[in-house]
Amino acid sequence: MPTFTGYLRERSDDELVALLRSRPDLASPSPATLSSLAVRATSRSSLERALAGVDASVLEVIEAVVALSDPGPVTAADLPAAVGATDETGARLVERALRLAVIGTLVYPDSDAPDAPLQPSPGLAEILGPYPAGLASADAGIRRGTPAEPVDLDDLPTLLGTAPAGARPVLDALLWGPPIGLAPSNSTAAAAAVDWLLRRHLLLPGDSRHVVLPREVALALRGGRTHAAPAFPPQLPDDLPHRSHTLVAAESAAAGERIVLLVARLVRLWEQAPPGVLRGGGLGVRELRRVASHLETDEAEAAFVIELAGAAAFVADDGEDNPSFAPTVAVDEWAVRDVPDRWAALARTWRSTLRTPWLVGSRDDRGGVRAALDPELQRTWAPRLRRAVLDVLADTPPGTAMDAAHVVAVLRWRTPRSVPPPAAVHAMLVEAGRLGILGAGALSDAGRALLLETAPLVGAADPADALAAALPPAVDEILLQGDLTGVVPGRPSPELEDLLDRTAHVESRGGALTVRFTPESVRRALDAGATADGLIAELAAHARAGVPQPLEYLVRDAARRHGRLRVGSAAGYVRADDPSLLAGLAEDPRLASLGLIRLAPTVLAAQAPARELVEALRAHGLAPVAEGPDGQVVHVVSAIRRVGRRATAGARRRASDAAPTSARETLTDDRLLALVPQLRRAEAERKADEAERVPGTILPAPARRPPAPASAPAPGAGTADPVDALVLLREAAAEKAEVWVELVGSHGVPQRRLLRPLRVEGGRLRAIDTARESELTVAVHRIATVTRATPSDEQQETS
């Protein structure tokens with residue numbers, strides 16, 4: 001029987017490329033040799049990841065091979081009957097599932113013969129648990145002493161015909177797994193039935209409280225099947241809603257345009273009034289409500305907009321002494337793009353972000369409320385779930401709208417070992433609808449292009465172009481009315497939209513955009529640096545019938561009152577009764593860092609705190625004193641210093657929770673085709689180097705090898721390479737075979753022992769020493785060589 005490593009070495013280049021394509025984690029980072037590839041492919045993490053991605057039919061085939069290969073061989077011809085496939089459709093499904101399992105090396109044949117026995121990958125049985133396909137292991141229930149007599153399976157129907165009334169329900173309860181049950185208490189009808197089954201070996205004793213249904217009895221009662229029926233893909237109901245392409249495109253375009261507008265409005269709001277950062281990070285509930293009120297939406301959608309802007313790095317913690325969330329420079333480049341390009345940037349961010357906006361407002365394990373932008377709202381599985389949900393929608397006919405229950409039903413078949421919570425799937429559908437990836441519940445053209453973007457195809461559409469095709473033509477005209485309102489008959493152009501954002505409030509959106517001009521909205525434009533003449537000229541350039549007189553009066557009246565009062569900020573001030581004492585201080589270049597501004601002949605405002613002002617002016621040859629808010633002199637300057645130190649100690653600097661991780665190498669077909677020959681060459685070079693090396697030279701220099709037992713093989717007969725040693729140990733654990741292991745003790749003295757490995761994981765080997773009838777656990781780095789044991793070695797060691 002070939003080993004797993006030998007099987008990989010015999011595969012063709014195309015087969016190895018298919019393996020790396022089906023299990024990308026094996027190729028990133030690139031393995032050094034084929035032996036390294038074998039170690040990675042049999043590691044627990046890689047096998048768990050591979051099993052999490054197989055569908056229910058592939059999982060059934062893998063469970064059948066694991067269950068039936070112990071103790072006897074199972075071939076491809078045995079699998080259709082084993083999983084209950086009774087027709088040609090089921091047989092084709094099993095054939096497809098076996099092909100996928102072999103491509104991923106989760107199952108591999110002993111040889112290239114059509115009827116070759118199938119073997120599970122080393123370590124796979126351990127991950128599937130003690131009861132694959134609900135069957136007990138071959139040695140289940142065997143206790144110390146003489147094993148129980150085997151059951152005559154041919155006489156099983158006759159034997160069950162004489163069973164007491166409660167016996168058959170006990171067998172039915174354990175039939176499809178798990179095969180272990182709690183033994184009932186004494187002096188009951190159920191206890192009598194279990195005792196009858198135990199005496200006839202239809203059940204075996206497990207421990208003092210449990211009984212086990214033997215594998216051979218379970219298979220006989222199942223009719224030789226490991227599963228009741230093949231796992232066919234779920235059939236979606238015929239009454240699923242179907243949306244027209246026009247409706248889907250219109251809803252998608254409206255949602256896409258709206259999310260771009262909401263993010264832009266959030267940025268403008270936080271430009272004017274940045275909200276504070278909570279002590280533990282995140283945004284306060286009161287600030288979230290303020291954003292929801294400003295955006296005219298509910299708190300759930302406001303949290304989604306905030307999280308989306310944070311994931312795109314448009315807003316971030318500014319890291320000041322009193323930290324707040326403020327827009328970043330990245331938003332400036334985004335804001336000058338067209339709506340489709342801005343939407344595509346947001347959609348790509350949502351597709352790849354680890355953030356989970358739907359958890360905002362829920363409670364964590366400690367009972368606290370999760371805040372928006374909280375660093376704890378990251379989940380590594382979020383991008384995979386988004387992709388899985390969109391894949392389900394992409395595989396349905398265009399225009400099909402699916403709810404969360406139908407999506408979960410499909411995912412339960414596609415990934416039975418990692419079924420997502422229905423609440424998370426529902427949240428993904430809601431967020432996709434808010435972004436315009438879905439339109440009226442169906443996948444839009446823009447969403448389909450976004451999905452195909454991660455696997456570029458010839459002729460695939462760009463997401464931005466797909467949304468642009470669904471958007472109505474931009475309109476550059478507005479109808480201004482005498483009641484201080486304006487109507488844009490369509491989607492405003494970027495220039496018109498920017499003008500209206502600065503000067504008006506939106507009253508309604510739909511087929512047309514209705515805005516209203518108010519003193520507050522016009523003041524917002526004046527605050528940004530506009531003038532009355534400039535605003536009127538801009539409005540006239542877009543107005544279809546000119547600017548009405550009431551609107552012109554409104555603009556000029558707001559500009560007339562704008563700026564009469566001036567407000568500034570100062571960290572300190574300097575005042576004196578004699579104006580000559582302050583003469584020249586504001587103009588002195590040596591004091592420029594203080595930011596002195598003359599407010600009156602006897603008063604200077606400064607941008608520096610009181611302590612710094614006192615020290616700078618004293619260094620300038622003056623003799624100032626500090627005064628309190630009441631105007632009284634503060635004689636103890638150390639008090640000022642203590643206040644300054646307290647403020648400095650309160651400063652916080654936190655790393656952005658949206659920091660991008662290092663991107664892994666893109667595994668294109670060309671890259672995989674180039675990688676396989678590299679692995680073969682490296683493997684050949686390693687074997688050549690190993691053949692030239694003197695056996696045993698990797699042992700510690702002070703150690704002296706003791707004489708080997710007569711039953712042990714020659715010292716150099718095994719492998720001293722750590723990679724090959726791990727592979728041999730894992731294969732021996734899967735085959736329940738024995739190996740010679742050379743262990744180096746804490747004093748550097750090697751010792752050769754015949755062991756049967758049980759598990760190799762976490763850098764440790766757990767094995768049974770059959771000669772000493774003991775179990776030991778040893779660190780892998782203390783293993784010098786590993787050699788497969790022959791039957792003669794095992795017999796001699798036992799004798």
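Predicted model: local features only at pLDDT ≥ 70, side-chain atom pairs only at ≥ 80, totals over all residues.
Helix α20 itself covers residues 422-435. The buried residues in α20 are A424, V425, A427, M428, L429, E431, A432 and L435. Their cover includes helices α13 (245-272), α15 (299-311), α17 (339-352), α18 (382-394) and α19 (404-414), along with strand β8 (438-439).

Now for a pair of helices elsewhere in the chain. Helix α10 (residues 167-175) packs against helix α11 (residues 189-199) at an angle of about 75 degrees, and their axes are 8 Å apart. Angles of 65 to 115 degrees count as roughly perpendicular, and therefore α10 and α11 are roughly perpendicular to each other. From α10, the residues A167, V170 and L171 meet A193, V194, W196 and L197 of α11. This contact is made by seven nonpolar residues, with no polar and no charged ones.

Stepping back, here are some values for the chain:

| Property of the chain | Value |
|---|---|
| Secondary structure | 31 helices and 25 strands |
| Buried share of the 799 residues | 43% |
| Accessible surface | about 40800 Å² |
| Share of accessible surface belonging to carbon and sulfur atoms | 54% |

What share of the contacts between residues at least 6 apart in sequence joins residues at least 24 apart? In this chain, that share is 64%.

Technical notes:
Residues numbered from 1 in each chain as written. Heavy atoms only, no water. Helix = DSSP H or I, 4+ residues; strand = E, 2+ residues; numbered from the N terminus. Expected span 1.5 Å × (residues − 1). Buried < 20%, exposed > 50% of the residue type's maximum accessible area, 1.4 Å probe, protein only. Contact = heavy atoms within 4.5 Å. Axes fitted to C-alpha atoms, helices over the stretch in contact; angles between N-to-C directions. Parallel < 35°, antiparallel > 145°, perpendicular 65-115°, else oblique. Nonpolar A, V, L, I, M, F, W, Y, C, P; charged D, E, K, R; others polar. Areas by Shrake-Rupley, 256 points an atom, 1.4 Å probe, with all protein chains shown as cover.
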